[in-house]
Amino acid sequence: MTPSSEVPSTASTLAADSSSSLTWREKLYQAPWGSWLMIFASLLGCQAVSASGFLSSSVVVLQPQGLGLEAANQSFLKGFLLAEDKVRGCGHSVASVKLRSLNMDADPAVVLSGNRRLKLVVAPPAADLRAFSALVAKRDFSVVLPYQRGVSMDSQDGLESRNRLWSLVVPARDDIHAMAQRVLEQGWRRVMVVRDPSDFGLTSAKSFVEAFEAIGGKVESYESELVQSINPDDHHRLRRFQKDVDWLGPDALVLASSPSGRLAQVLRKAQKDRLLGWQSERPAWVWLASSDYVSGVSPQAWEQLLIKQPSRGPGWQKFSESFEQRWGYKPNLLAAAGFDAARLIALSTVSAYPVSADRTADPLGWLDAESEPQPLCKALRILTDGKPVRLEGAASSFDLRPGHSPSGQPDITRISALGPA
């Protein structure tokens, strides 16, 4: 979700623009939305300089390059810049960081080959974990995964160098598992799971089925598959599904599809017209769509459950308020990932690196996942005294361990049914 390049994280002027008196950070602060892409393009011009080893840094932030990624880049970098402001507010200077771009299908080993001082890499969102695992097996640095939430997380256990991979956000599957628990807490013990085959909801649907049945719920289906794929334009299949719902009488329908999609529209009309289930008030609906898609869900004659916000950390509220005050709008989880990544870099560079069990420098060896979360300034003081610490996270609970995902708390909201017309 982003492009990038080389940027020194100091007050010096950008090497590729020596005629300007503004730093790259000042340019980003002042630029209107439409100018960000031009700024990124100018930053990309520094890659030839950085590839030669000039301006080499021990910390590199990689961002994916490609069309349609500008808005996501803005979110991450605005969170990152806000965190650097917080570091300065604690009386510390920000670390020297190199910002580099990486095509989604490019080998990170090529982009990082010219930097021999490298100790910490912040990978792009949805990074290829196999490529980064292979890379750190050959070189002595650690990788931070700021926004790795999808199915790639399932491959972590089998990676050779997972002890050098650190995730900052909670996987999407954990939110789905939390939803399964919440469904059962509503007293909805018997459900039917349905998806539009044109949507990308199969992974979340299967994850829900596995989690729901593991805690004692029952997924009903007359089909061979518990996750029923229904083409909303297949009228014969729809009628059969309506009869199945009527016969089985589930407590809830679990929809792994977009609330604005064709399948949702068809099923919504059927339930309103009392064609689905026993009555228009039953069954309840459970949405597995991400929070990006459920903002437009409106009250109906039946109860609904949705993930209003993905899992976040205890520091989310303070971060959100600061972000909105600085940038004028509410942040998303990607912005929080940028915020946590920049603060982690600050803590990683405040003192000499601890030595790991294999007798190499470990830039994240100061992390203590079991300790009480601390605000940034206090965490910096604790670390300066040479003690391990845990930061109060915005994107997660910051209980970080190599090769494992952190925990967090999603906002799962119940939308009450409308009363009688």
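**Entry 1: ground rules**

I am working on a predicted model, where local features need pLDDT of at least 70, side-chain atom pairs count only at pLDDT 80 or more, and totals for chains, interfaces and linings use all residues. Residue numbers start from 1 along each chain as its sequence is written, and side-chain values use heavy atoms, with hydrogens and water left out.

**Entry 2: the chain overall**

I looked up the elements and found 13 helices and 12 strands in the protein chain. Both are DSSP runs numbered from the N terminus, with at least four residues for helices (H or I) and at least two for strands (E). I then checked burial: 54% of the 421 residues count as buried (under 20% relative accessible area; exposed is over 50% and partly exposed in between, with a 1.4 Å probe and protein chains only). For contacts with a separation of 6 or more, 68% are between residues 24 or more positions apart; contact means heavy atoms within 4.5 Å.

**Entry 3: the sheet**

In what order do the five strands of the open sheet run? I read E2-E1-E3-E4-E5, with parallel pairing (two strands pair if DSSP finds at least two bridges between them). E2 (97-103) and E5 (165-167) are the edge strands, each pairing on one side only. From one strand to the next, the twist averages 25 degrees.

Trp166 in E5 is the bridge partner of Val144.

Next came the helices over this sheet. H4 (residues 70-89) lies across E1 (59-65), E2 and E3 (120-122), at about 160 degrees to E1. H6 (residues 129-138) lies across E1, E2, E3, E4 and E5, at about 160 degrees to E4. These angles run from 0 to 180 degrees between N-to-C directions, with axes fitted to C-alpha atoms, for helices over the stretch in contact.

**Entry 4: the pockets**

On a 1 Å grid over the protein atoms alone, a cavity is a set of points where a 1.4 Å probe fits but cannot get out; a pocket is an open set with protein on both sides within 12 Å along at least five of seven lines; and lining residues have an atom within 4 Å of a point. Volume is the space filled by probe spheres set on the points, which are joined across faces, edges and corners.

The largest pocket has a volume of about 1,600 Å³. Of its 48 lining residues, Tyr147, Arg149, Ala172, Ser290 and Asp292 lie nearest its centre. Elements giving two or more residues to this lining include H4, H7 (172-185) and E11 (304-312).

The second largest pocket comes to about 230 Å³. Fifteen residues line it, with Lys86, Lys318, Phe339, Arg343 and Leu376 closest to its centre. H11 gives the most to this lining, with three residues.

**Entry 5: the cavities**

How many cavities of 30 Å³ or more does a search of the whole structure find? I got three. The largest cavity holds about 50 Å³ of space. Its lining includes Phe80, Glu84, Val94 and Ile345, and H4 and H12 each supply at least two residues.
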